[in-house]
Amino acid sequence: MEDPAEPPLPGPTAVEQSATLEAEPNQNADPETEESEDVDVSAQSADIVPDEANGNNGNNGTDCSGEFVVTMLARSNLEEQAVGTEGTSSPLSEDIAEEAPPLQSHRDEDVMAESWRQHRKHVFVLSEAGKPIYSRYGSEEALSSTMGVMMALVSFVQSGDNMIRSVYSEEHTVVFLQKGPLVLVCVSNSRQSEQQLRAELLYVYYQIISMLTQASIARIFEHKKNYDLRRLLAGSEKILDGLLNLVDWDPSFLLAAVHCLPLPSSLRDSLSQTLQKAITPNLVFSILIAKNQLVTIVQEKTVIEDARLEPADVHLLLNLIGASSAFQAGEIWTPICLPLFNPDCYFYAYISYLDPPECTVCLLLLSTDKEAFYAVAECKRRIEEAMVAQNSLSLIAKAQSYSVSQVGVSDLRHFMYKPFDVPDNHHQLTQFTSPEMEAPYSSDEEKMRLLDLYRYMHSRIHSSSRPLKLIYHVAERETLLAWVTSKFELYTCFSPLVTKACAITAITKLLRWIKKEEDRLFIRYPPKYSTTPNPSKSSRKSEQQDSTDNGFMSLL
Amino acid sequence: MPEVSKMKKPDVKVVILGDTSVGKTSLLHRYTERKFRDTISTVGGAFYLKQWGPYNISIWDTAGREQFHGLGSMYCRGAAAIILTYDVTNWQSLAEIEERFLSLTDTANNDCIYAIVGNKADLTDPQAQLTVATDGLTDDQGEGGEQRMKLQVPPACPTPPASPASPSSLLKQVGHDEATALYGRILRYKGLDEKSSLPADRMCFETSAKTGYNVDALFETLFDLVLPSILRKRNENQWSPTVDLEDYREANGKRRGCC
C-alpha cells in the first residue's frame with residue numbers, strides 16, 4: 001500500500017504503450033467482434049470456449065506431464081446423462097432469475113427436467129468409488145448414475161496414467177478436480193475459464209475439509225473405500241449451497257482477497273485494541289465481522305509466524321457464519337478446520353452476534369482448546385462491555401460501503417482494487433476494495449452481467465497460455481479496463497462512451513483517491529496478541545523472529 | 001440490552017442430544033422464541049442461557065451430525081439433565097439414541113435426569129396438531145421470570161397446523177412403549193434403580209416443535225426437576241476448594257467484598 005498512486009506516473013502515453021504491447025491482439029482486432037460478446041449472444045460463447053480449449057490443450061499437453069485435456073465437441077455420453085445442451089435460450093438471464101433468491105433448497109429438483117439441465121453451474125462431489133457425496137441441484141441418489149459416468153471418465157483416463165482435467169462442448173465446460181479420495185466436477189455454461197472453475201471447485205473441497213479435515217477424510221477412505229461420506233456431511237449441504245452461491249455473487253472468491261468494511265481508522269484501531277485486550281490462553285484469532293465484511297482481525301503472534309491466515313480460510317469462515325445464522329440468539333461452539341492454515345487440525349470456533357436481534361455484528365474467536373468455551377465466552381463478555389462503553393456498535397452500524405461517486409471520476413461506474421501484500425515485513429491478509437454496485441448494476445441480472453464481465457477480464461489477465469498485464473475491453477454496454485502490476489490488480493468499469501485516454505486519466509485519479517483513503521478502506525496493520533503460556537506444539541519459532549515482531553508491535 | 005443476564009453464571013446445564021434432523025433446534029426455538037422456523041443444520045453446539053425464576057439454566061443445543069460426535073462428551077460434562085430426542089416418524093432416530101448418544105452421557109452428573117422426547121408428533125397424532133390454540137395460554141404462564149429470551153408471538157396466525165407434509169402418508173414408527181422401554185434401558189445402563197428414579201411415563205414426551213404441542217411441558221418439567229440439583233450445587237460451591245473467579249455474585253458473595 002506504499003504508493004498505489006505511483007504507478008500511473010509514467011503517464012498516459014506510457015500506459016497506452018503498454019496497452020498496445022500487452023494487449024495488442026485485442027486492440028487491433030475490431031473491438032466489436034472480438035470483445036463485445038455479451039449476454040444474449042449465445043452463439044459467440046461457442047467461439048470462445050473451443051478457443052480456450054485449444055489454448056489449454058496445447059499448453060497443458062506440453063507443460064503438465066501426465067495430464068491432458070480431453071476436448072470433446074460432440075455430445076458425449078456424459079452430456080446426454082448429465083449436461084444436456086438443448087437449451088438454446090440465453091444461458092445467463094434465465095439462470096440468474098432462478099438463482100436470485102439465495103440459499104433456496106434445490107434438493108428436491110427433478111433431475112430429468114429441462115430446468116435442471118439448464119442451471120448455469122452444476123457442482124458434483126463424489127468419492128473415488130463413485131459414491132455421490134454432494135450435488136448442488138437435485139438429490140444425490142437421483143444422480144448416482146450420472147456420477148457413475150463421471151467416475152467412469154475419471155478412471156478411464158486414470159488407467160492410462162493420466163488425469164482428466166476438462167471436457168469442452170459447445171455450451172458447457174466440464175472441469176474435474178481430484179483431491180485425495182474425492183472427485184469434484186463442475187458443469188458450467190457460465191463461460192468462465194477452466195482455471196476459474198477449478199478454483200471454485202477447490203473452494204468446495206476446502207469447505208468440506210473445513211468440516212472434516214483432510215486427515216480424517218483420508219483415514220475414512222483408507223479404511224473403507226466405499227464409505228458414504230454423506231453420513232458425515234449430512235446437514236452440511238446448505239453450507240456448500242451457500243458457498244456456491246457466494247462464489248457466484250461475491251468477487252472476493254474470484255480475487256482471492258478479503259473485502260473489509262470501510263471504517264475510520266481510529267474506530268478500527270480502537271476495536272482492534274478491544275479484541276487485543278480480551279484474551280485467554282490458546283486463543284489464536286479474534287475476528288470481528290459486520291454486514292458480512294471484515295472489521296478487524298487480531299492474531300496470536302507465535303501462531304501466525306508459522307502460517308499466515310489466507311483469504312480463502314476467511315471466506316470459509318464467513319460462509320460458515322452466514323450458514324449458521326438461522327438461530328442467532330445462542331453462542332456457537334464448533335470445531336472448524338482452516339484448510340490453508342492446517343488441513344489436518346481443528347480449531348474451535350466461538351461464534352456470537354453482538355447486536356441481537358439485528359445480528360449484523362458478529363464476533364468470531366478461534367481457540368486451539370476444545371474445552372475453552374467458557375473462557376472464550378468470557379472474552380466475548382469483556383469485548384461486549386468495552387464496545388458498549390465506547391458505543392462502538394452504533395458507530396459500526398453507521399459504517400457503509402461507499403459509492404463510486406465519492407471517487408469523483410465521471411464515467412467510472414464500478415471498480416475492484418486489490419493491492420498486493422504491502423508492508424513487506426509483515427504477512428498481511430490480501431484485501432480488496434470495491435464500491436457498492438449501483439445503477440445500472442442494481443438488478444440481480446445486471447449485477448451478474450457485470451460480475452461475468454469481470455470474470456472474463458480476470459480470465460484474460462490470468463490466462464495460463466497468454467497472460468496479459470492490461471486489457472481494454474469495449475463491450476456492448478460498458479467499457480472495461482483491467483490492469484495488473486506488481487503492486488496491485490485493478491478492474492474498472494466505465495460507461496460505454498469513455499475514450500481510452502479518458503479511462504487512463506480516470507484510473508490515475510482513482511489510484512490517487514484510493515491512496516488517500518487507504519486507511520479507511522483497508523485493515524492496514526492487523527494487530528497481534530500473545531496468549532501462549534503453553535503454545536501448541538507447532539507454534540514455536542526462533543527467538544529472533546519474536547524480537548522483530550516486538551519491534552513491529554511497538555510501532556502500533 | 002441483555003448484559004445483565006449474560007453476566008450471570010449458569011447454575012445448571014441441560015443438553016439436547018439426538019440424531020440429525022429430529023428437530024432439536026426447532027424444539028428449543030419453539031420454547032424460547034415461541035415460533036417454528038425452518039432451521040439450518042446446527043454446527044457444533046449452540047449455548048443458550050435461560051432464566052428460570054431466580055436461576056440461570058444453560059442449554060446446549062448440539063448438532064446431531066456424526067461429524068460433531070467428538071464434541072458430545074464435552075457438551076455433556078456436568079449436565080444435570082439430558083434431553084434425548086428422536087423423530088416419531090423415524091425408527092432409526094430412536095435406535096441412534098442408544099447407539100451413538102448414550103455413551104456421550106457418561107460425562108454427565110451422576111444424578112443427571114434423562115428425558116426421552118419424540119418430536120414431530122404433529123405428523124402422526126391429530127391431538128398434536130390441534131394444540132396450537134391452547135399453546136398461547138400456556139406460553140404466558142411459562143414466561144414467568146424470563147428476560148433474556150424475548151416473547152415473540154407471531155403477528156397473525158401461529159404456524160398453520162400441519163400443512164403440506166400430508167400426515168396420512170407418514171406412519172408413526174416409534175410408539176410410546178418403545179420410548180419407555182428405552183428409558184428403562186437407559187436407567188439400567190446408568191446402573192440406576194428404576195424404583196427410585198423418575199418414572200418413565202413422566203420422562204417420555206411426545207412433542208411437536210411445529211405446533212408447540214407439549215414443548216413447554218417438556219422444558220418446564222425438566223427445569224423443575226433440576227432445581228434440587230441447582231440448590232445442591234450452590235451449597236457445594238460454598239464448600240468448593242477451587243476458587244471460582246467468575247462466581248462473585250451468588251455463592252461466594254459473602255467472602256469477597258471487593259467485587
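How are helix 14 of chain A and helix 17 of chain A oriented to each other, roughly parallel or roughly antiparallel? In this predicted model, helix 14 covers residues 265-277 of chain A and helix 17 covers residues 373-389 of chain A, and their axes come within 9 Å and cross at roughly 150°. Angles over 145 degrees count as roughly antiparallel, and helix 14 of chain A and helix 17 of chain A are therefore roughly antiparallel to each other. Their crossing is right-handed. On the side of helix 14 of chain A, the contact is made by Leu271(A), Thr274(A), Leu275(A) and Lys277(A), while helix 17 of chain A contributes Arg382(A), Ile383(A), Ala386(A) and Met387(A). Sorted by class, the residues of this contact are five nonpolar, one polar and two charged.

Elsewhere in chain A, Glu436(A) lies in the loop that runs between strand 14 (431-432) and helix 19 (444-461). Because its relative accessibility is 41%, Glu436(A) counts as partly exposed. Leaving aside residues up to four places away in sequence, Glu436(A) touches Ser401(A), Tyr402(A) and His414(A). Of these, Ser401(A) is 35 residues from Glu436(A) in sequence, yet the two are 6.0 Å apart in space, C-alpha to C-alpha.

Turning to chain B, the reader can find nine helices and six strands. Chain B has 259 residues, and buried residues make up 53% of them. Among the contacts in chain B with a separation of 6 or more, 76% are between residues 24 or more positions apart.

Note on methods: Residues numbered from 1 in each chain as written. Chains lettered and ligands numbered in written order. Predicted model: local features only at pLDDT ≥ 70, side-chain atom pairs only at ≥ 80, totals over all residues. Heavy atoms only, no water. Axes fitted to C-alpha atoms, helices over the stretch in contact; angles between N-to-C directions. Helix = DSSP H or I, 4+ residues; strand = E, 2+ residues; numbered from the N terminus. Parallel < 35°, antiparallel > 145°, perpendicular 65-115°, else oblique. Left-handed = near helix turned anticlockwise from the far one by under 90°. Contact = heavy atoms within 4.5 Å. Nonpolar A, V, L, I, M, F, W, Y, C, P; charged D, E, K, R; others polar. Buried < 20%, exposed > 50% of the residue type's maximum accessible area, 1.4 Å probe, protein only.
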